[in-house]
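This report describes selected local features of a single structure. The sequence and the structure are shown first, and the description follows.

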Amino acid sequence: MAEAKKGNQQTVTLLDNESGKKYDLPVIPGSTGPKVIDVRRLYGDTGYFTYDPGFTSTGSCESAITYIDGDEGILLYRGYRIQDLAEHSDYMETCYLLLNGDLPNTEQKTKFVHDVTYHTMLQEQINSFYSGFRRDSHPMAVMCGVVGGLAAFYHDSLDITNARHREIASYRLIAKMPTIAAQAYKYSVGQPFVYPQNDLGFAENFLHMMFATPAEKYKVSPTMAKAMDRILILHADHEQNASTSTVRLAGSSGANPFACIAAGIASLWGPAHGGANEAVLDMLNQIGDKKNINEYIKKAKDKDDSFRLMGFGHRVYKNFDPRAKVMQQTCHEVLGELGIKNEPLLELAMELERIALEDDYFVERKLYPNVDFYSGIIFRAMGIPTSMFTALFAVARTVGWISQWNEMIEDPQMKIGRPRQLYTGATERDYVPEAKRKAK
Ligand code: SDX
C-alpha cells in the first residue's frame, strides 16, 4: 500500500493485482499512537472484506478513555500515567476521571463519592438470588447471574437514550459490584451477608463486607485498604480488551447496561483474560518448587503442550506491563505489613520471572509478566480465596466497562456491531432426502 496526501487528507492506495484497480483509503490520525486506515467504504468500493481474526490490527472504535503503548509499556487513563494515579490518586477519583474525562475538584469528588456510596446497598430481594446457587458455585457464575438480574429491579434506568438513566445505572453498577462480589464470597462460606457501611471508603467497605461478621466489630487494616484501592485503580480500564469489546458489542444492540456488564463479566472469566489471576496461583501451586521451574518453562515452550505460563504475555504489551511493576511493589508492601517473610509462592514467582526473562523463547516473543502475575499472591496474602480473584478484577473493571459503554452510546456514529467473515463452508447444494443419503 502506498501512502499519499490528497490535499491535507492522507490516504493509502490499495492496488488490486487481479483487476488492476487502485483504491485510495483515508488515513485518520489520533491524538497519539498508530493512525488508522478507514476501511468503512472498502466493501462497497471493492467487494472485499478485511480479515483479522482476534482483531490484532483492527480498531473497533474511536475512544478518548485509555491509551496503551505496548512497545514502551505506557498506560494512560485520560492522559494520566497509571503509575502517577496508583501513587497519588484513589479509586473513586479514578472512577470520576474515567467516567467524566478529567480529575474532579474537591466539590465534584465529594459529591461523586457521596452519590456512589449511597448506591452500595442491594434491594433486599436480590439477596435471595444467592440461595438459588450451590454453596460451592464459582463466584463468577454468581456474578454473571446476579448482575444480569439487576435489570429486573431498575426499570427507572433502562432507557439508554436518557443521559440521566445512563448516569444512575453507571453509579449503581460501580457501587453495587463490591457488595455483590462480597456477598458471593459470604454465601460460599456460609456466613451472613455484611451490609455496606457508608462511613467507610470504597476499598475499605469491600474488605469489611468480605471479612467482617455480625458477631464482632471488624477493623480493616489501613494498609490493606490502601493496597486494595491501588489494585482497583490498576485494573480499572484497559482500552478495547476482550471483556470491554464484549460490553461494547452487547451495548451496540441497545441492550441495557446491566445486561452489558454481565456479558463483560462472562468474558473476563476466561483464563486467557481476567481468569489468569486465578490461573497463576493454580500454576504456581502446580509447579510447587523452584526445582520444577525448568520443567514447566519447557512445557510452556512446547507447541504440543497446552500449558502456558499464566500471567505472562499480552496482546498489546511487548514490554513490561506497567501495572505488573506496581503490583510487584504492592506485593512486597502487603507481605511486609503482614509480617510474611519468604512467602514460598512469591519466591517461586520471582524465580520463575527471572528464569523466563532470560530465556530466548520469552525474550524473542516479548513475553513479560502482566497485571495478573502478582495479583493473586497479594489477594491470597489478604485472605481472599483464589476463586474470588477474577470477581475482584470484575469489581475494579466495572468503571472501565461502563465508561466505554457510555462513550459508545453517546457517539453519534454508533452503529450495531456486526462483523463479516471469510466463508469456507459448503457452497449452495440441493436437499438430499434421507433415503438417498450415503452412510458416512
Ligand atoms: C489480561 O487485552 C487486555 O488488555 C487484557 C488485560 C486487561 O487489563 O484487560 O490486560 C488483562 O487479560 C492480561 C492477560 C492475562 N492472560 C494470561 O496471563 C494468560 C497467559 N497469556 C497468554 O494466553 C497470551 O499471552 C495472551 C492471551 C495474553 C495473549 O495472546 P496473543 O496476543 O494472542 O499472543 P499469541 O497467543 O499469538 O502468542 C504469541 C506467541 C505464541 O508463540 P508462537 O506461535 O509465536 O511460537 O507467544 C506464545 C504463543 O504460543 N505465548 C506464550 C504465552 N503467551 C504467548 N507461550 C507461553 N506462555 C505464555 N503465557
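## A loop residue

A residue counts as buried under 20% relative accessible area, as exposed over 50%, and as partly exposed in between. The model described here is predicted. Ala152 has a relative accessible area of 49%, and is therefore partly exposed.

Ala152 belongs to the loop that runs between helix H6 (139–149) and helix H7 (163–188). In sequence, Ala152 and Phe258 are 106 residues apart, while in space the C-alpha to C-alpha distance between them is 9.3 Å.

## The packing of H10 and H18

Helix H10, formed by residues 242–251, packs with helix H18, formed by residues 389–409. The angle is about 40°, and the axes are 9 Å apart. The two helices, H10 and H18, are therefore oblique to each other. Their crossing is right-handed.

On the H10 side, the contact involves Ser243, Thr244, Val247, Arg248 and Gly251. These residues meet Arg397, Trp401, Gln404, Trp405, Glu407, Met408 and Ile409 in H18. Sorted by class, the contact of H10 with H18 comprises 5 nonpolar, 4 polar and 3 charged residues.

Strand E5 (residues 66–69) pairs with strand E6 (residues 74–77) in the antiparallel sense, and the pairing extends over 4 bridges. Asp69 has Ile74 in E6 as its bridge partner.

Between the strands of this hairpin there are 4 residues. Gly73 in the hairpin of E5 and E6 adopts a positive phi near 65°.

How values were computed: Residues are numbered from 1 along each chain as its sequence is written. This is a predicted model: local features need pLDDT of at least 70, side-chain atom pairs count only at pLDDT 80 or more; totals for chains, interfaces and linings use all residues. Side-chain values use heavy atoms; hydrogens and water are left out. Axes are lines fitted to C-alpha atoms, for helices over the stretch in contact, and angles run from 0 to 180 degrees between N-to-C directions. Angles under 35 degrees count as roughly parallel, over 145 as roughly antiparallel, 65 to 115 as roughly perpendicular and the rest as oblique. A crossing is left-handed if the near helix is turned anticlockwise from the far one by less than a right angle, and right-handed if clockwise. Contact means heavy atoms within 4.5 Å. Ala, Val, Leu, Ile, Met, Phe, Trp, Tyr, Cys and Pro count as nonpolar, Asp, Glu, Lys and Arg as charged, and the others, Gly among them, as polar. Buried means under 20% relative accessible area, exposed over 50%, partly exposed in between (1.4 Å probe, protein chains only). Two strands pair if DSSP finds at least two bridges between them.
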